[in-house]
Amino acid sequence: MSASHERDQLRHRQLVEELRRHEHAYYVLHRPVISDAEFDRLERELKDLEARHPDWVSADSPTQRVGGSVSEGFRSVRHTVPLMSLDNTYSPDEVKAFLARAEKQLPGEALEWTVEPKVDGLSISLRYEQGVFVQGATRGDGTTGDDVTSNLRTIRSLPLKLREAPALLELRGEIYLPLAGFRRLNAERESAGEEPFSNPRNAAAGSLKQLDPRITAQRPLALVSYGIGAVSGVEVPADQAGLLQWLGQLGLPIPEHVTVARSTDEVLHAISELDRIRRDFGYETDGAVVKLNRLSLRDRLGFTAKAPRWAMAYKYASEQAQTRLRSITVQVGRTGKLTPVAELEPVFLAGSTVARATLHNEEEIRRKDIRIGDQVVIEKAGEVIPAVIRSLPECRTGAEVLFTLPRTCPECGTPVTRESTADGEGVDWRCPNLDCPAQVRGRIGHWCSRGAMDIDGAGDVLVAQVVQQGLVRDVADLYRLRAPEVQDLERMGEKSAKNLIEAIEVSKSRDLWRLVFGLGILHVGAGAAKALARAFPDLDSLAAAGASQLCEVPDIGDVIARSVEEWFADPRNRDLIGRLRQAGLNLSSSTYRPPDVASTGPLSGKTFVLTGTLPSLSREAATAEIERRGGRVASSVSRKTDYVLAGAEPGSKIEKARQLGIPILSEADFVNLCS
Ligand code: AMP
Ligand code: ZN
């Protein structure tokens, strides 16, 4: 072995250790010791080393968080120890009764209780073998859950390797979305014309249940672990407080603000103390969990069919207010979607005055039997837009009126059309008229916004005026505006008109991703636009790419790919691009990065698609094998696919491959091909 080879190997080991330490410092302890740039540099160095020495890559390397490809569904996992739910209550008296019952059943013991925040996410079971994360599953029905291992691997606070290596350690915990991440995710969704999530819990659930781990990787999910399932090969601490401390030492994120209470009063005090401070936490909590501290005593209390008798959840009532629903107005969005909005008698709720709330859609209004004039209960979920959660029919006077969404657009009078929502669970009503003033304003406003073309001075008021005056019908018209035309508009003058025209001029040279994002293509948020601008050298090559080529771009899934293809297929949009070109806008990408085709390796340049379950290789492992030999893995079969690697119970991809005459390999064929 050469000296340089040995040096590399040493450096590799160092980098893995170092990156693991920094991940822990940053994502678990929230106390980074190096800058983000330095972290990225170390990560790049490790990736480079591993690219040169693929056989050094292990499944628990910090570089192996996002692997695998799109799956067709989740496998079921049977839990070795069932995941139970918790008995819960809103009443302090029931907490007292619960504690008294335990004392009666355990006479002579001085009982201690832990009080932990109840983090609002989804419960999860994680399996570590010899300290290495091997599998994770959702609760499901408590006995069997979904195998979401690939998605869990993307969560940076989830260690791929523990600091000790017991033969088996099953952890119980919660996957949740911190509030900052929740707000960011919703802002991105709205700017991409997608429905925002109603609360962090739903957002976490939706993110963990993605079939494409690359999508999950973009969602800033986090883990907290508060318990254990099956364990072997290690001595477990005697009580909950010690257990949490031990889990922390293993490198796992554990609950903060845990109290050990020694009497009923102390338990109740800890519960109300948590309620006082929990609004400042960076995540949503919906209660406190009281657990018997000593683990050995728990067995003596046992379980009911659904929940342990040694723990209980006290739920905090969410902050609600009652007010009158004055009227329901209908907003028309950039994509033509009609959204009913509750206009409320102003009321104070959780720190601010609320006068409007979202009603989501017509079905929801009907389901909740909400009528105009009703007394309604409103609630803030995860500090987002307040929502109307129910009406109070007992307060009705008889003057209340049922609401029906208008069947014509309130802005332009065009009959609206019905479409099923992106998640397939409801219906949306849309104004199909692309010239609808509300949509025109929405599109132009989006184009000018900070996150897109960033045109200073082109706020909502100005946009509304230029549209109303007929000066601008689409974003290309902005580039024909002249100062004299705008200076007579309300709140304008010679100076501000000149500034505006200058700002519009400056926007001509913006990066391509801003332009692509600004076009307002459904599902294309800023992140997707950046990914596209990295993958294509200019707008023309992007426009010419079909959905299957788009699918092969990192971070671009089927839904986005189809939406982009459709958008560029529309003659009106092609005309718009022509006029933007004429106006002199920059259409080439300065962020374009030609794919570094791994030029070495027996599979160099070959594209694989995986389907079904292989006898011995997991998806991640198969992907790694392909990539380390210079090949790549795509999510769907197209003419560009070279091989389909198929295992047991393959999906529809195999049909497609047969139709296109693409060779289908078994695992054995694949191993042959590799050697
Ligand atoms: P529920 O879903 O209302 O029955 O509440 C029980 C759930 O609370 C558990 O299944 C966990 O997912 C969740 N939970 C959140 N934080 C904790 C915690 N600190 N200890 C135990 N369970 C928790
Ligand atoms: Zn309309």
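Which protein donors hold the zinc ion (ligand 2), and how far from it do they lie? They are C409 (SG), C412 (SG), C431 (SG) and C436 (SG), at 2.2 to 2.4 Å. Donors here are N, O and S atoms within 2.8 Å of the metal (3.2 Å for Na, K and Ca), and since water is not among the atoms, sites may look incomplete.

A word on the ground rules. This is a predicted model, where local features need pLDDT of at least 70 and side-chain atom pairs count only at pLDDT 80 or more, while totals for chains, interfaces and linings use all residues. Residues are numbered from 1 along each chain as its sequence is written, chains are lettered from A and ligands numbered from 1 in the order in which they are written, and side-chain values use heavy atoms, with hydrogens and water left out.

Back to the zinc ion (ligand 2): its site is tetrahedral, with angles of 101 to 116° among the four donor atoms. For four donors, that label asks that all angles lie between 85 and 135 degrees. Along the sequence, the donor residues are spaced C-x2-C-x18-C-x4-C. Helices (H or I, at least four residues) and strands (E, at least two) are DSSP runs, numbered from the N terminus.

How exposed are these and a few other residues? Buried means under 20% relative accessible area, exposed over 50%, and partly exposed in between (1.4 Å probe, protein chains only).

| Residue | Relative accessible area | Class |
|---|---|---|
| C412 | 28% | partly exposed |
| C431 | 3% | buried |
| H30 | 59% | exposed |
| H257 | 39% | partly exposed |
| E43 | 14% | buried |
| K337 | 15% | buried |

Helix α1 (residues 3-28) and helix α2 (residues 36-52) pack at about 145°, with axes 10 Å apart. Axes are lines fitted to C-alpha atoms, for helices over the stretch in contact, and angles run from 0 to 180 degrees between N-to-C directions. On the α1 side the contact (heavy atoms within 4.5 Å) includes L15, L19 and Y26, and on the α2 side F39, L42 and E43 are among the residues involved.

E43 belongs to helix α2. Leaving out residues up to four places away in sequence, E43 touches L19, P62 and R156.

H30, in the loop between α1 and α2, has a positive phi of about 55° although it is not a glycine. H257 has a positive phi near 55° as well, and its place is the loop between α8 (240-249) and β9 (259-261). Most residues other than glycine have a negative phi.

K337 is found in the loop between β12 (320-332) and β13 (338-349). With residues up to four places away in sequence not counted, K337 touches E195, Q331, V332, D428, W429 and R430. K337 and S198 are 139 residues apart in sequence and 17 Å apart in space, C-alpha to C-alpha.

Finally, helix α17 (residues 526-535): A528, A529, A531, L532 and A533 are buried there. Their cover includes α16 (512-518), α18 (539-544), α19 (547-551) and α20 (558-569).

Key: Four donors count as tetrahedral if all angles lie between 85 and 135 degrees; four count as square planar and six as octahedral if opposite donors are over 155 degrees apart and all others between 65 and 115; anything else is irregular.
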